[in-house]
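I opened this entry to record what I looked up in the model, one item at a time.

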Amino acid sequence: MPQAYPSVNDPSRNAVKLSKKAHSAKPGGLAFRFLIKYDYVIMKYIRQIIIILFISFLGEILNHLIPLPVPASIYGIIIMFAALVSGILKTESVKETSHFLIDIMPIMFVAPAVGLIEAWDLISGSLVQYLVLIIASTILVMGITGRITQRMLTKTGEKGGADHA
Amino acid sequence: MHDFLISSVYFGAFATLLFYELGVFLKKKTGLAILNPILVATIAIIALLKAAHLEYADYNAGAKYITYLLTPTTVCLAVPLYEQFELLKKHHLAVLTGITSSVIVSALLILGFSVLFGLSHEEYVTFLPKSITTAIGMGVSEQLGGYVSITVVAIIVTGVFGNIAAEVILKIFRVTHPIAKGVAIGSASHAVGTAKAMELGEIEGAMSSLSIAVAGLLTVAASIIFSALY
């Protein structure tokens, strides 16, 4: 029952509602009031984390069982996406935690990138080639993809701009 | 102090967050795309480790707990993909053709350059996933036996370059349709480029972020096939 979760915008109303609920539901004073608040607010995030970790774990199992060089996270994305499309999982059950994790995701790339310090001897000799490869391929991939997509859009009778909003 | 830092569990994670914040601050102050917070943090931490005579392992003893979140976070990319699914369905033929060709063109170019420069197989698979989001690209590189840290930096450099050059590239190739622009930016330069697509417009931004996940998934398949070719 997602509507029972207190809204973030209105802490005072929620506090009253929660304490009333706490009193009427079970006698037990402050300790219980805390537990019920905990249940309503915190448990939502705990549940979202449980679901996300469970799907990651399933991805890990598939990565272990299937002899393909596909990372566990890819199986995880597919499982999560299938669960959302089929309706087994509602977006509300994972939304806040997902968006939070995605927002902070860039921080997670720093430590792997610092690993460059160990690979330095390996790359210092071919740095120029690497840069040429990266820049030239990015220009061509972006340009060619844009051309092909645009061609397909005009072919299927799409016109640029306003009607897509 | 040196011995203490070697044994510290929190130093690595703290330094990561601190220097990332510094990068965010610098980028906001200057508005320069080249001051990407990941690049700033990486260079600053490498300099710090060199100056303090610390090994990568000493730093990673703390920093690995941040990296731990990467797999669950990547799984979460399915959520925005699902939220934008309607948009994909509406233009599926053009968008999917565009993204598929980007994945194939990218793999062919990496193959071509690897042959041209005489790169090793390990270097080749390191660069195969360079146009897709770091979360997926790292996993692909690792599974195929590439140098993961080089993949990460190549992906970030691709993103930063795509972000800076997107407008010029699209102009040269005469790409004017907002959907085509979004697909081109997202599938060539992932999330860092998408920031530019969002500046260009709402459709560009949505199409670009949709392309990140789709291009990422298709690249997993393409990389496995292409890794056998060289």
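I looked up the handedness of the crossing between H10(B) and H13(B) in this predicted model. The crossing is right-handed.

Next I checked the geometry of the pair. Helix H10 of chain B covers residues 134-144, and helix H13 of chain B covers residues 202-227. I found that their axes come within 10 Å and cross at roughly 20°. Angles under 35 degrees count as roughly parallel, so I put H10(B) down as roughly parallel to H13(B).

Then I asked which residues of H10(B) and H13(B) meet. From H10(B) I noted B:Ile136, B:Val140 and B:Leu144. On the H13(B) side I noted B:Gly216, B:Thr219, B:Val220, B:Ser223 and B:Ser227. I sorted the residues of this contact into four nonpolar, four polar and no charged.

I moved on to the contact of chain B with chain A. How many residues does each chain bring to it? I have 91 residues from chain B and 67 residues from chain A. On the side of chain B that touches chain A, the largest share comes from helix H11 of chain B (residues 148-172), with 15 residues.

Last, I looked up the confidence scores. Chain B has an average pLDDT of 90, and 100% of the residues score at least 70. For the model I wrote down an ipTM of 0.86 and a pTM of 0.78.

Notes
Residues numbered from 1 in each chain as written. Chains lettered and ligands numbered in written order. Predicted model: local features only at pLDDT ≥ 70, side-chain atom pairs only at ≥ 80, totals over all residues. Contact = placed C-beta atoms within 7 Å. Helix = DSSP H or I, 4+ residues; strand = E, 2+ residues; numbered from the N terminus. pLDDT = per-residue confidence, 0-100. Axes fitted to C-alpha atoms, helices over the stretch in contact; angles between N-to-C directions. Parallel < 35°, antiparallel > 145°, perpendicular 65-115°, else oblique. Left-handed = near helix turned anticlockwise from the far one by under 90°. Nonpolar A, V, L, I, M, F, W, Y, C, P; charged D, E, K, R; others polar.
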